[in-house]
Each structure stands twice: as structure tokens, then as C-alpha cells.
Amino acid sequence: MHIKSLELSNYRNYKSLNISFDENINIIFGDNAQGKTNILESIFLCAAAKSHRSAKNQEMIRIGSDDAHVRLVLTKKNIDHKIDIHLLNGKSKKIAVDQIPIKKTGQLLGLLNAVFFSPEDLNIIKNGPSERRKFMNLELLMLDKVYFHDLNFYSKALDERNKLLKQIIYDHTLESTLPVWDEKLTEYGKNVIETRERFIKEIDRHVRDISQKVTGGKEIIETKYVPDVKKDDLRKAIEDYKNYDMKTCVTNRGPHRDDIEFFIDGKSLKKFGSQGQQRTCALCLKLAEIEIVKESTGDTPVLLLDDVLSELDRSRQNYLLDNIRNIQTLITCTGLEEFVDSRFKVNKLFHVVNGNVE
């Protein structure tokens, strides 16, 4: 799988952009705040139907414009596909695949598989549980359409139940309708927990192997899924917390409170790991994602590296660069120092200056 071309119109700081990529290594360099990350974001938007950093369409639309277009052409198993995403202020995005409008976002997922690695990912171990749930969700949404369905319906049921909990304060007769949403949360929540558990087991298998290679066999990193509630206990937990939920006006138990824990040599990486070890873990997670995509789809994903090389020491840089040689990779950076001494072959080079690309 590889991306052939990208066209942007009124997207972020780009009034108009049309570029073609090499099948291998593409370097996008320039000073900070020039628009390098915006290119990677637009590509990820075509893979996940959402930005990795913004939930609002209007934030991706160029200031002063009413709408924006992202058009991408990719080759998958020797067949070209076109993705067209139309962003509108205050309205839902419109998506077309091969010039045919799609009705549901799930129809786009899985067409383009992309692994995004940014400096923020280096803090995934130190940050709160929401960051780790985001990590699970973004990857699973692109790999598993059933998970997309389950998570979508679970989230809707959760929103409706929370709204109902707030209404019960003013009308206690509404309490009798809670079981309807309890059943929905249980039905879809069980599926979410089961899929996440299976996914993290696969992640753990790869992270263990990769961490040994990165550290020369000195350290083994383990990944453990920590569900807020076990699948078979979900319905009872929701029922047991009903009174507390009505006091707090939120649903306190369920997979929306899940987490992941990381261990190095049996110790908590968050509590006892050094900054270097935590960065090694983040690197291993992204490389594990690549392997899981290969196994799940039989194809390689596109790798998007957003200014992360400067955050890694030389040995971790070398390991990363050595392991992406057969994958289409787009790398943003402020300078080209990371690629000197012929350590790495660059197939295409782009220079970004204030929304213009050469």
C-alpha cells in the first residue's frame, strides 16, 4: 500500500496544494509552524475519518473559508483508490470513495491503513488513561469495522444514559427507564472489552520481542490491558453503581474507564521507568502497530513520523530507520541532520515554507 498523491484546498494554512509522493521515504522539512504536520494530519484524516489532534471540522478549515477539501489517491494491491473528504463549517463532513459518496464513516475505515507517530506519543506512558484509550481506539477503528460499530453504539448509549442521569434529578419517575440504557451499555460494552483484550495481547506479543531487540536483550517491556470492569461483570457493576451514578450524574463503570499498564522487568514503567525507557516503550508500541497491520491486512501501512526523530537518541533512531525501509514513510523534521552520513536513503524531499511546498 502506498499514497500516490495528495491535494488540499483551504485546509489549515494551505490555500491550495497538490503533491505526489515516492513509494518509499519522503522527507518534509522546514521551520516550525509552517504546515508540515498539517500534511500528515490530512493523510491520517483519510485513514481514520478524524484528525489525530482536533475533533472539530472548523479547526481544519482555512481561516476565512467556508469549507475545505482533502483529496488523496492511494494504490492498494495494485488498484488505485480515490478518497475525497469535504469539510464544512458547522456541518458533518462528506466523504466519497472512488467518486461514490458514502453514507457511513465505517465504509471508509480500512481502505488506508496509517500508523501515526508524534512527539505526543512519547508521553503515552506518562499521560492519563484517556491517552491510552485513544491509542487503542484509533488503531482498532482502522482494523476492525465491527469494533467501530460496537464503540460507536456504546458511546451513544453512554451519552444518552448520562443525559438521563442529569434529568432524573428533576424528574425521579425517569429512573424507571435506566435499565434500557444499562442493557445497551452491557451489550456493546462487552464487545468493546473483548476486542481490546485481544488487541492488547497481540500488542504485548510484539512489544516484548521488539523491546528485546531495541535494548540488545537487556530489557523486556510488557503491555497489560486493565479493564475497568471484566466483561462478565459489566452488567452487575453498572447496577451496583446506579445510586452513585445518580448522585454524580455520570456513568462511573465501564470500558470508557479502561486503561493500559506497561512494565519493564516486572516494574511499572510509569512509576519507575526512566524517560529513555518510556520513549523506548512508545517506539515499540508504534513498531508493534505496524506488525499488527501487516498480519491483519496482508499489506504494509503508511507510516507518518511527525518530528519524532529529534526526540529519540541515536540508537533508537537507527533502530527505527532500519525497520521502515520497506514501508512508505513520510517524515517531518526541522532540518536534515538526522539523515547525514548516508545512514538513510531519502527518495523525495519537500521543503515547506508558510503553506508553500517545494
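Visitor: Which way does α2 pass α8, in a right-handed or a left-handed crossing?
Guide: In this predicted model, the crossing of α2 and α8 is right-handed.

Visitor: What residues make the contact there?
Guide: On the α2 side, F135, E139 and L143. On the α8 side, L285, E289, I292, V293, S296 and T297.

Visitor: And what angle do the two helices pack at?
Guide: About 20 degrees, and their axes are 11 Å apart. Helix α8 covers residues 275-297.

Visitor: Why call α2 and α8 roughly parallel?
Guide: Angles under 35 degrees count as roughly parallel. The angle here is about 20 degrees, and therefore α2 and α8 are roughly parallel to each other.

Visitor: Back to α2 itself. How many residues has it?
Guide: Helix α2 has 15 residues, 129-143. From its first C-alpha to its last it reaches 22 Å, close to the 21 Å expected.

Visitor: Which residues of α2 are buried?
Guide: R132, R133, F135, M136, N137, L138, E139, L140, L141 and M142. Among these, F135 and E139 are also in the contact with α8.

Visitor: Which strands does α2 lie across?
Guide: β9 and β10, and α2 runs at about 95 degrees to β10.

Visitor: What else packs on that sheet?
Guide: Helix α4, residues 178-214, touches β9 and β10. The direction of α4 makes about 175 degrees with that of β9.

Visitor: In what order do the strands of the sheet come?
Guide: The order is β9-β10-β11, in an open sheet of three strands with antiparallel pairing. The edge strands are β9 (221-226) and β11 (267-268), each of which pairs on one side only.

Visitor: How many bridges join β9 to β10?
Guide: Six, and β10 is residues 259-264.

Visitor: New topic: β5 and β6. How many residues lie between them in the hairpin?
Guide: Five, and G90 in the turn has a positive phi of about 75 degrees. The strands, β5 at residues 79-88 and β6 at residues 94-97, run antiparallel and are joined by four bridges. I85 is opposite I95 in β6.

Visitor: What does β6 pair with in its other hairpin, and where is the positive phi?
Guide: Strand β7, residues 100-101, is joined to β6 by two bridges, again antiparallel. Two residues separate the strands in this hairpin, and D98 has the positive phi, near 55 degrees.

Visitor: What is the bridge partner of V97?
Guide: I100, in β7.

How values were computed. Residues numbered from 1 in each chain as written. Predicted model: local features only at pLDDT ≥ 70, side-chain atom pairs only at ≥ 80, totals over all residues. Heavy atoms only, no water. Expected span 1.5 Å × (residues − 1). Buried < 20%, exposed > 50% of the residue type's maximum accessible area, 1.4 Å probe, protein only. Pairing = 2+ DSSP bridges. Axes fitted to C-alpha atoms, helices over the stretch in contact; angles between N-to-C directions. Parallel < 35°, antiparallel > 145°, perpendicular 65-115°, else oblique. Left-handed = near helix turned anticlockwise from the far one by under 90°. Contact = heavy atoms within 4.5 Å.
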